[in-house]
Structure formats: structure tokens, C-alpha cells
Amino acid sequence: MKTYFYQLADFIAARLQGSEQYQCWYSAEASDFVRFNVSAIRQSGHVQQAALTLHLIDGRRHGSATAALAGHIAADGATIEQLIATLRGQLPDLPEDPHLLVATEVNSTEFIEPSRLPSAEAIVDQVLRASTTVDLVGILAMGPMMRGFANAAGQRNWHQSATFNLDWSLYQSRDKAVKTSYAGSDWDSLEFATKMQDAIVQLAMLQRAPVTVRPGAYRAFLTPTALHEIVGMFNWDGLSEKSLRTRQSALRRMRDEGLRLNPAITLSEDTQGGVAPGFQSDGFIKPPRIALIEQGVLTGSMISPRTAMEYGLVNNGAGSGEAMSSIDLAGGTLPMANALAELGTGIFVSNLWYLNFSDRANCRITGMTRFATFWVEDGEIKAPLNVMRFDESVFRLLGDKLLALTSERELLLDSDSYGERANGSARLPGALVKDFTFVL
């Protein structure tokens with residue numbers, strides 16, 4: 001596919017006229033999808049697709065369009081020529097863009113990680129064998145993903161890797177289920193078996209009579225999955241340089257007022273450790289790591305080329321959304337095996353959902369507990385907890401309320417597959433907090 005993409009780039013370059021420039025973004029995958037229900041295969045399929053987004057530029061006027069590719073130059077050449085003609089016809093009617101920043105320095109890169117994945121059939125066999133005594137519901141998505149960039153200056157970038165993401169629940173009854181996931185580039189049968197066994201143990205606990213606690217503040221342990229939901233919320237414009245400057249960021253008080261989180265919080269965009277490519281759709285290269293919050297202090301932001309142009313900054317390879325795509329939250333000192341003992345009496349939160357801002361200016365978030373959330377006494381799980389709503393400020397939750405982060409961290413992959421499989425990732429610890437506020 002890399003060779004074909006480069007042929008397409010040369011094809012486009014040969015059709016430029018006058019002062020025209022181009023950039024193009026290539027996105028492709030060859031993915032296996034398997035959906036499970038009642039511990040059986042309910043749907044399976046294979047998706048092989050490729051798309052090209054062509055960006056035609058003339059002076060400060062520019063436009064873009066996307067087309068699906070067939071993988072044959074004879075067919076795709078006609079499609080691309082039509083795209084060029086359409087965009088060329090539109091450019092004179094478009095206003096000049098004062099914030100357009102084009103990559104002029106040629107930074108060609110190539111990253112090809114050979115697949116280490118077993119076959120989909122081998123993974124499915126393990127899943128089915130491990131779930132014969134339970135009701136498993138979930139989806140397996142796996143296979144290689146490719147991203148490419150090319151421009152008129154001659155820059156060529158290619159990124160190719162293969163991952164799997166098994167996202168599953170063990171269903172008990174009504175709203176009671178144990179949700180978990182296993183993802184990465186290397187399938188480890190023992191690690192999967194351990195995760196499945198842990199989920200089966202929690203499933204047995206869900207059969208106990210559930211309890212409801214009064215609204216109030218409780219000591220709580222958030223699994224990496226639950227903590228990821230909270231980090232994902234303030235990743236929504238929170239670390240965007242544009243949003244910080246226009247005071248729309250949920251973390252703006254950290255920039256404007258010097259507000260700090262707990263010194264244990266060190267957050268970065270870790271391109272080197274993630275699965276996303278090391279370049280973005282305008283051809284700017286991402287550094288291996290962007291320090292964003294260090295020891296509780298906001299030290300950086302995600303800066304896209306447009307924001308850099310608008311405010312006279314140096315971009316750091318952020319995409320147009322200026323959000324982290326390879327989240328890395330440093331671990332702490334609490335061994336995961338001691339999490340329940342350190343929790344003592346309180347609430348074990350395995351998952352959160354329906355999150356939204358209740359007070360964006362103060363980074364206050366509300367949401368619901370979900371799936372296997374338990375009431376814990378003296379370090380032992382006593383009963384499942386009925387669904388509750390929380391409302392909490394991140395400034396306090398990850399500030400003075402944070403007691404510890406686990407030393408072990410978990411890799412979570414973005415499971416979105418609308419249109420194409422996403423390649424976002426997060427590596428996070430679990431968190432022990434005090435006075436986590438439940439309101440309903």
C-alpha cells in the first residue's frame with residue numbers, strides 16, 4: 001500500500017498547474033470484526049478500505065475533498081483528476097485564509113511495524129473457550145492500519161501498525177454486567193485468561209443483593225477505565241491552545257490563575273508510546289513526547305498549525321482538534337493488588353458513562369457509575385452498588401482529593417470504528433480518592 005500511495009502522490013504532483021500546491025492524507029485498514037452475544041459469534045466480517053483526502057492550495061486559498069480508493073491507478077486516477085478539477089474550480093470563489101500554515105520543510109518518515117497478531121480465528125477460539133460458563137457480549141476489532149501523508153514539496157510519510165481491541169462484558173441481569181477490555185499489539189493468552197478470570201470473579205459478586213448508599217462524599221477507587229473517562233472529558237478542548245487562549249478550555253484556570261493539580265499528576269502526549277502516527281494531516285511532525293501537566297502544573301498545550309499561525313507560536317504537531325491522541329498519565333506508588341485494602345470502606349468504581357460538564361469553567365463533571373461498581377468494607381467487596389450519579393470538579397478530584405495512583409498502568413485503545421477504526425490510545429493508572437461526591 002505504501003508504494004501505491006506514493007504513486008498516487010506522484011500522479012497528483014504531475015497534474016498541478018501554475019502556483020498550485022497539494023497535500024494529501026491517506027487512511028487505510030484491513031480489519032477483522034467479530035461480534036459476540038451469549039458467548040457465541042453473532043456477526044463477523046472483514047473490512048478492507050482506503051481513502052484519500054486531497055488538499056489543493058493556491059496562494060492563501062485552499063479546499064479539500066475526500067474519496068474512497070479502489071487500489072488501482074486506472075480507476076483511482078480518474079477519481080483524483082475529478083477531485084483536482086472540482087477543487088480548482090472552487091478556489092477562485094474561496095476567501096484567502098490568514099491562518100493557513102503549509103509545511104515547507106521536508107520531513108519524510110517511515111514506520112512499519114510488522115504484525116505480531118495471531119489470526120482472528122485463533123483469538124476467537126480462545127474467547128469462546130474462556131466464556132463457556134458465562135454470557136459474554138462484545139466485539140473484537142483487529143488488523144493493520146495505515147496512514148500516509150504527501151505534499152508538493154516532496155515530503156512522504158508512512159505509518160503502518162497492527163493492533164487488536166477486544167471490548168467485552170459479562171452480563172448478569174438487567175443493568176448488571178462486568179465490562180472490561182484487552183488491547184494492544186501483542187496477544188498474550190495468559191494475560192487474557194487472567195483478565196477473563198478477574199471478570200468472572202466480579203460477575204459472581206454481582207449476584208449478591210445490590211445496595212444503595214445515600215448521596216454524599218465517599219472514599220473511592222477508580223479503575224484505569226473509569227479514570228480514562230474523566231481524562232477523556234477534559235481532553236475535549238481542555239489542553240487545546242486555541243481554547244486556552246479563548247478561555248473556552250475546562251482547564252483555563254490552570255493557565256489564568258495558576259491552579260494546580262496534585263503533584264502526582266504528570267500527563268503527556270506520548271506519540272512514541274502510542275499507536276497513532278508521528279505526523280498529522282498537514283504534514284507536521286509530532287515530537288516523541290509533549291509535556292502537558294508536570295507534577296500538577298500545566299506546562300504545555302496542544303498547538304495545531306492554524307493556532308500557531310494565528311498566535312505566532314510554534315506548532316507541536318497537534319491535529320486540528322488539538323486533543324491528545326496518545327494519552328500518557330504517569331503511574332504512582334500504590335500496587336494494584338493493594339487497592340481494595342487501601343480503599344478500606346468505600347466504593348470501587350470500574351466504569352463511568354454519560355459524562356458531561358456540569359460547570360465547564362471549573363472543570364466540574366457529572367456522570368453515572370456503570371457495570372461492576374461495588375460497595376467495599378474493610379478492604380472486601382460486600383455487594384454491587386446500584387447506579388449512582390456523581391458530580392465532581394477535576395481540580396479537586398485530581399487535586400487535594402487524590403490519595404494515590406497505582407504503580408501499574410493499563411493500555412486502552414479507542415474502540416471507535418465509525419467510518420474507520422480509530423488509533424487513539426491511553427495508558428493510565430487507577431486512582432484512589434477521598435470524598436468522591438455522589439449526588440443521586
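Does Ser-326 count as buried or exposed? The structure is a predicted model, and in it Ser-326 has a relative accessibility of 2%. Buried means under 20% relative accessible area, so Ser-326 counts as buried.

Ser-326 lies in strand 12, which covers residues 326-329. Leaving aside residues up to four places away in sequence, Ser-326 touches Ser-268, Glu-269, Asp-270, Thr-271, Gly-274, Val-275, Ala-276 and Ser-425.

Strand 1 (residues 20-37) pairs with strand 2 (residues 40-58) in the antiparallel sense, over 18 bridges. Within this pairing, Ser-31 has Val-47 of strand 2 as its bridge partner. The two strands form a hairpin with two residues between them. In that turn, Val-38 has a positive phi of about 50°.

Strand 2 also pairs with strand 3 (residues 61-68), again in the antiparallel sense, over eight bridges. Here the bridge partner of His-55 is Ser-64 in strand 3. The hairpin of strand 2 and strand 3 likewise has two residues between the strands, and Gly-59 takes a positive phi near 65°.

## Helix 4

Helix 4 consists of 17 residues, 189-205. From its first C-alpha to its last it reaches 25 Å, close to the 24 Å expected at 1.5 Å a residue. At the start of the helix, a side-chain oxygen of Asp-188 comes to within 2.9 Å of the backbone nitrogen of Leu-190.

The buried residues of helix 4 are Phe-192, Lys-195, Met-196, Ala-199, Gln-202, Leu-203 and Met-205.

Definitions and conventions: Residues are numbered from 1 along each chain as its sequence is written. This is a predicted model: local features need pLDDT of at least 70, side-chain atom pairs count only at pLDDT 80 or more; totals for chains, interfaces and linings use all residues. Side-chain values use heavy atoms; hydrogens and water are left out. Helices (H or I, at least four residues) and strands (E, at least two) are DSSP runs, numbered from the N terminus. The expected span of a helix is 1.5 Å times one less than its number of residues. Buried means under 20% relative accessible area, exposed over 50%, partly exposed in between (1.4 Å probe, protein chains only). A polar contact is a pair of N or O atoms within 3.5 Å; within protein, one must be able to donate a hydrogen and the other to accept it, and residues adjacent in sequence count only if both atoms are side-chain atoms. Contact means heavy atoms within 4.5 Å. Two strands pair if DSSP finds at least two bridges between them.
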